[in-house]
Amino acid sequence: MKNILFIGGTGYIGGPILSRFLQRHDPSLTISALVRSPDKAAKLRALHTQGVQINVVVGSHNDAALVEALVAEADVVFSLADCDDLQAAQSILRGLKKRFDATGVKPTLIHMSGTGCLGDRAKGEFSSSTVYNDMDIAQIETLPATQPHRNVDLAIVEADSTQGYTNAYIVLPGIVYGKPHGILVDAGIQNPTNLALSAYIKACFERKAAGIVGLGKNVISHVDVTEVADQVELLYNAIHSPTSTRSTGSEIDHGKNGYYFVANGEVEFEKVAEIVEKHAGLPRRAFSDAEMPAYFPSPSLQGFFGDNGRCDSQRSYQGLGWKPVKTTVDFLDAVREEVKENWNLV
């Protein structure tokens with residue numbers, strides 16, 4: 001039996017991933033899910049899961065002792081909750097170390113980070129020509145530990161490449177958009193809302209102006225939520241069934257070499273503001289320094305809307321055979337749909 005633990009499996013990004021594993025038709029899997037809401041936990045236990053065993057535990061990723069204990073029983077851990085929470089990550093790593101010490105086998109960690117770590121403090125004033133390639137590890141290693149998400153990513157790399165008690169894979173999507181699909185959405189268990197995009201558009205309506213940082217010239221990478229789930233599923237399959245899923249001649253790298261960007265298009269953020277301006281009739285006005293923390297409490301989100309964050313997902317394309325089809329046209333359509341939905345709430 002393979003024990004798989006999901007932390008953050010009912011979130012916007014985690015839900016479509018967990019949904020797929022609950023329908024894998026694989027009786028050799030035992031899945032555990034840490035869920036904060038008792039109501040969602042009850043609904044998850046009641047799901048028909050195609051024969052996959054599921055253990056639902058009520059608790060938070062901030063419950064250090066609980067997380068450590070659950071991870072210590074897992075062969076594979078999906079860390080899909082808060083990518084800026086170093087204490088939660090350290091609880092996961094302690095559990096992985098216990099698992100390795102008890103079994104002598106390195107457990108797998110698949111951690112969801114993000115391209116917020118690529119931010120350049122452009123404040124919307126310019127577009128950057130710098131594109132980070134996930135096959136260029138030396139380039140990624142130039143990112144300081146002070147960048148968003150980076151302290152957590154570096155702790156995970158340390159556990160793998162230096163201390164050697166886990167095989168860790170870090171997935172870094174651009175801004176994620178689109179409507180998630182799967183049995184958890186259908187059952188009302190997972191969060192169906194994109195945090196970053198919906199928070200931005202909600203802020204525009206509240207301030208009665210299309211928000212922009214500086215001139216909005218910064219370029220951000222983006223990816224559809226379903227295609228993130230595609231990539232993560234391909235990654236898992238490649239790790240655990242390498243001969244049948246891996247592209248010929250490619251390696252499934254981990255640790256310091258295990259960064260996987262996930263994006264399939266990019267856009268100047270000004271284009272997002274233009275949609276809000278046109279479709280909601282809200283005149284454009286730059287966010288003030290006081291407004292940013294008021295509307296976006298997360299520091300990483302504050303910088304994200306004004307930073308350049310361009311990436312090339314070569315490790316996913318070449319190494320995993322990831323074939324996304326959604327482009328910038330789809331991203332902008334999703335922004336229009338989000339504006340329309342918020343307009344109906346006004």
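This is a predicted model: local features need pLDDT of at least 70, side-chain atom pairs count only at pLDDT 80 or more; totals for chains, interfaces and linings use all residues.
**Ground rules.** Local features need pLDDT of at least 70 and side-chain atom pairs count only at pLDDT 80 or more, while totals for chains, interfaces and linings use all residues. Residues are numbered from 1 along each chain as its sequence is written, and side-chain values use heavy atoms, with hydrogens and water left out.

**Largest pocket.** A pocket here is an open set of points on a 1 Å grid over the protein atoms alone, where a 1.4 Å probe fits, with protein on both sides within 12 Å along at least five of seven lines; lining residues have an atom within 4 Å of a point. I found 43 residues in the lining, with Ile13, Leu80, Ala81, Asp82 and Leu195 nearest the centre. Elements giving two or more residues to this lining are β2 (29-35), β8 (175-177), α8 (195-207) and α13 (299-304). The helices are DSSP runs of H or I, at least four residues, and the strands are E runs of at least two.

**Second largest pocket.** This one has a volume of about 350 Å³. Its lining has 17 residues, and Lys123, Val213, Met292, Gln302 and Gly303 sit closest to the centre. Helix α13 turns up again, giving the largest share of this lining with 5 residues.

**Serine 316.** Is serine 316 buried or exposed? I noted a relative accessible area of 0%, so serine 316 is buried (under 20%, with a 1.4 Å probe and protein chains only). Serine 316 belongs to helix α14 (residues 314-320). Leaving aside neighbours within four places in sequence, its contacts (heavy atoms within 4.5 Å) include Asp134, Tyr260 and Trp322.

Definitions and conventions
Grid points are joined across faces, edges and corners, and a volume is the space filled by probe spheres set on the points. Buried means under 20% relative accessible area, exposed over 50%, partly exposed in between (1.4 Å probe, protein chains only).
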